[in-house]
Amino acid sequence: MNKFFQLLVVIIFLVSSLSIFAIEMSTEEIIKGRKAMFKQNYSYAKKMSAAIKKDDKEMITGLAIKMSENYKKLIEYFPDDSKSGFKTEARPTIWEKKEEFNALMKKAANEANDFSMMVNNLMGDELKDTQKKMIWSQCKSCHEKFRMPH
């Protein structure tokens with residue numbers, strides 16, 4: 001019985017260890033994941049612009065919320081071991097000015113969320129101008145400091 005108990009403890013330990021390692025992502029997964037989220041946010045912004053032309057406020061709102069959620073997640077996608085490799089376009093300034101970068105990600109998340117709540121009260125050019133101010137300008141401010149030119 002004692003050996004059975006010891007074997008059971010070892011099996012539980014091994015299984016829990018494997019699940020912990022499965023949760024951690026490799027550097028490649030992290031870099032590719034953040035690139036995919038940024039690409040997705042760019043796609044959302046473009047779709048949002050098209051939806052503004054069609055006055056599809058439900059779509060605009062949904063896309064802004066999705067963008068906001070991505071920006072919140074992105075903060076976790078810049079660990080120290082992901083500075084290079086896998087065609088990353090991240091500049092070293094992200095890690096040198098980590099607090100500033102994280103603040104920009106939080107601001108972008110907040111602006112996208114705020115924009116989603118304003119959509120129904122805006123029309124036409126006012127909606128387009130607000131998207132430019134609250135969505136597109138966030139992209140630009142981050143790219144200038146923290147992304148390699150492409």
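1. S82 counts as buried because its relative accessibility is 0% (buried means under 20% relative accessible area, exposed over 50%, partly exposed in between, with a 1.4 Å probe and protein chains only). The model is predicted: local features need pLDDT of at least 70 and side-chain atom pairs count only at pLDDT 80 or more, while totals for chains, interfaces and linings use all residues. Residues are numbered from 1 along each chain as its sequence is written, and side-chain values use heavy atoms, leaving out hydrogens and water.

2. S82 sits in the loop between α3 (57-74) and α4 (93-96); helices are DSSP runs of H or I, at least four residues, numbered from the N terminus. Its C-alpha atom is 9.7 Å from that of E29, although 53 residues separate S82 and E29 along the chain. Not counting residues up to four places away in sequence, S82 touches T27, I30, I31, R34, Y77 and W95 (contact means heavy atoms within 4.5 Å).

3. R34 belongs to helix α2 (residues 27-54). R34 is buried but has no salt bridge, and D81, the nearest side chain of opposite charge, is 7.4 Å away. Beyond four places in sequence, the residues touched by R34 include S82, Y77 and W95.

4. Helices α5 (residues 98-118) and α6 (residues 124-146) pack at about 170°, with axes 10 Å apart. They are therefore roughly antiparallel (angles over 145 degrees).

Notes. Helices (H or I, at least four residues) and strands (E, at least two) are DSSP runs, numbered from the N terminus. Lys and Arg count as positive and Asp and Glu as negative; His and the chain ends are not counted. A salt bridge is a side-chain nitrogen of Lys or Arg within 4 Å of a carboxyl oxygen of Asp or Glu. Axes are lines fitted to C-alpha atoms, for helices over the stretch in contact, and angles run from 0 to 180 degrees between N-to-C directions. Angles under 35 degrees count as roughly parallel, over 145 as roughly antiparallel, 65 to 115 as roughly perpendicular and the rest as oblique.
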